[in-house]
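Please walk through this fold from its overall composition to its individual elements, keeping the sequence and the coordinates side by side.

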Amino acid sequence: MKKTILITGATDGIGKATAMVLAQQGHQVIVHGRNREKAQRVVAEIRTATGNQQVTFLIADLFSLRAVQQLAKQFLAQNDHLDVLINNAGAVLNNHRAVSIDGVEKMMALNVLAPFLLTQLLLPSLEKSSDGRIINMSSASHRASGRPDLNDLNLEKDNSAQRRYSLSKLFVIWNTQHQAKLLKQQGVQNVTVNASHPGAIATNFGQDSDKGWLVNLVYKVAIKLASFGPLRTMATPEHGAATNIYLATSENVDGISGLFWGDAKPQKPSTRYYSATAEQQVWDYCQAVVRPFLSDAKH
């Protein structure tokens, strides 16, 4: 059955590979990107490669919560329902802490709050689907986050880009689990939400950010090794996309919600710093930050 699928961060890397395969399968695919010219090129490439003309794009800078709200409005103006939301967009940025236009640390803004808000705004549209699915991209690096400071969820005290990134991906898992619990409590049986990680993938992800000389070196060496066949250490973007494609389309995951996935199977996320109280605090923080943007996206 053809699905309507929105993929954020889909003009490059894993997101683009995901869009390509889903378009090949005949689904209606909406590609999100930040740069209009690039998005146009990618959509044209996917249409040519797959013969699927039901591939379009939407533009938004997901560092801005207002732009996330506008993205939801654009989607709802053009579509009567949503079957699959793949919150793929994310980044690891510089050691130097920067904040978004909303005053939020930028990795928290893009990796955590943008998918959180977009999911809330598009949830009514997902509920119109007979099988609505939300897929939140996390990372295996959440295991290296260290103990979160729940009194510093805007990450003002963390000087390491890698730690801030790992924390953001830990919070994605906690929000996914919490969203699944809320849907169950509310009796919503036709929408599921899961988190995924792609594994170590050979893309340009994180290559342009300054994370300190040692971490920068690790990223660059890893990419070099990944491109050298005999020592290949990383999988392709197509391999990284496989889990999200599986979660978006497989009948085997009907009704399954709140899990962490890798290699197209459930995996156990780190629970070292987990508690129900901590999960609730992160959810409440996100809810408080996005509240001004939660007005009906149709208006």
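A residue is called buried here when its relative accessible area is under 20%, exposed when that area is over 50%, and partly exposed in between. The model is a predicted one, and by this criterion 55% of the 299 residues of the chain count as buried. The chain has eight helices and eight strands, and among its contacts with a separation of 6 or more, 76% are accounted for by residues 24 or more positions apart.

An α-helix has 3.6 residues a turn, so residues three or four places apart point the same way. With 14 residues, H3 reaches 20 Å from its first C-alpha to its last, close to the 20 Å expected at 1.5 Å a residue. At its N-terminal end H3 is capped by Ser 64, a side-chain oxygen of which lies 3.3 Å from the backbone nitrogen of Arg 66.

The strands come next. An open sheet is built from eight strands in the order E3-E2-E1-E4-E5-E6-E7-E8, with mixed pairing; strand E3 (55-59) and strand E8 (265-267) are its edge strands, each pairing on one side only. On average, and with direction ignored, neighbouring strands of this sheet are turned by 30° against each other.

Within that order, strand E5 (residues 132-137) pairs in the parallel sense with strand E6 (residues 191-196) over six bridges, and Met 137 stands opposite Ser 196 in E6. E5 also pairs in the parallel sense with E4, over four bridges, where Asn 136 in E5 is the bridge partner of Asn 87. How many of the six residues of E5 are buried? Six of the six are, and E5 is accordingly described as mostly covered. In a regular strand the side chains alternate between the two faces of the sheet. In E5, Gly 132, Ile 134 and Asn 136 point one way and Arg 133, Ile 135 and Met 137 the other, all of them buried.

Helix H7 (residues 237-249) touches strand E4 (84-87), E5, E6 and strand E7 (260-262), and its direction makes about 160° with that of E5. Helix H2 (residues 36-50), in turn, lies across strand E2 (28-33) and E3, running at about 165° to E3.

Helix H1 (residues 13-24) is largely enclosed by the rest of the structure, because nine of its twelve residues are buried; these are Gly 13, Ile 14, Gly 15, Ala 17, Thr 18, Ala 19, Met 20, Leu 22 and Ala 23. Its end C-alpha atoms are 17 Å apart, which agrees with the 16 Å that twelve residues should span at 1.5 Å a residue. H1 is followed by Gly 26, whose phi is positive, near 95°, and which lies in the loop between H1 and E2. Gly 26 is partly exposed because its relative accessible area is 32%. Apart from neighbours within four places in sequence, Gly 26 is in contact with Lys 2 and Asn 52, while Gln 54, 28 residues away in sequence, is 8.2 Å away in space, C-alpha to C-alpha.

Two packed helices are described by the angle between their axes and the distance between the axes. The axes of H4 and H8 come within 10 Å and cross at roughly 75°, and these two helices are therefore roughly perpendicular to each other. In this packing, Met 108, Val 112, Leu 113, Phe 116, Leu 117 and Gln 120 in H4 meet Trp 283, Tyr 285, Cys 286, Gln 287, Val 289 and Val 290 in H8.

H8, residues 276-290, also contains Glu 279, which counts as buried because its relative accessibility is 2%. Which residues is Glu 279 in contact with, leaving aside its neighbours within four places in sequence? They are Trp 174, Gln 177, His 178, Lys 181 and Tyr 274. Gln 177 is found in helix H5 (residues 161-185) and is likewise buried, with a relative accessible area of 18%. Beyond its own neighbours within four places, Gln 177 is in contact with Gly 258, Pro 269, Tyr 274 and Glu 279.

Conventions. Residues are numbered from 1 along each chain as its sequence is written. This is a predicted model: local features need pLDDT of at least 70, side-chain atom pairs count only at pLDDT 80 or more; totals for chains, interfaces and linings use all residues. Side-chain values use heavy atoms; hydrogens and water are left out. Two strands pair if DSSP finds at least two bridges between them. Axes are lines fitted to C-alpha atoms, for helices over the stretch in contact, and angles run from 0 to 180 degrees between N-to-C directions. Contact means heavy atoms within 4.5 Å. Buried means under 20% relative accessible area, exposed over 50%, partly exposed in between (1.4 Å probe, protein chains only). The expected span of a helix is 1.5 Å times one less than its number of residues. A polar contact is a pair of N or O atoms within 3.5 Å; within protein, one must be able to donate a hydrogen and the other to accept it, and residues adjacent in sequence count only if both atoms are side-chain atoms. Angles under 35 degrees count as roughly parallel, over 145 as roughly antiparallel, 65 to 115 as roughly perpendicular and the rest as oblique.
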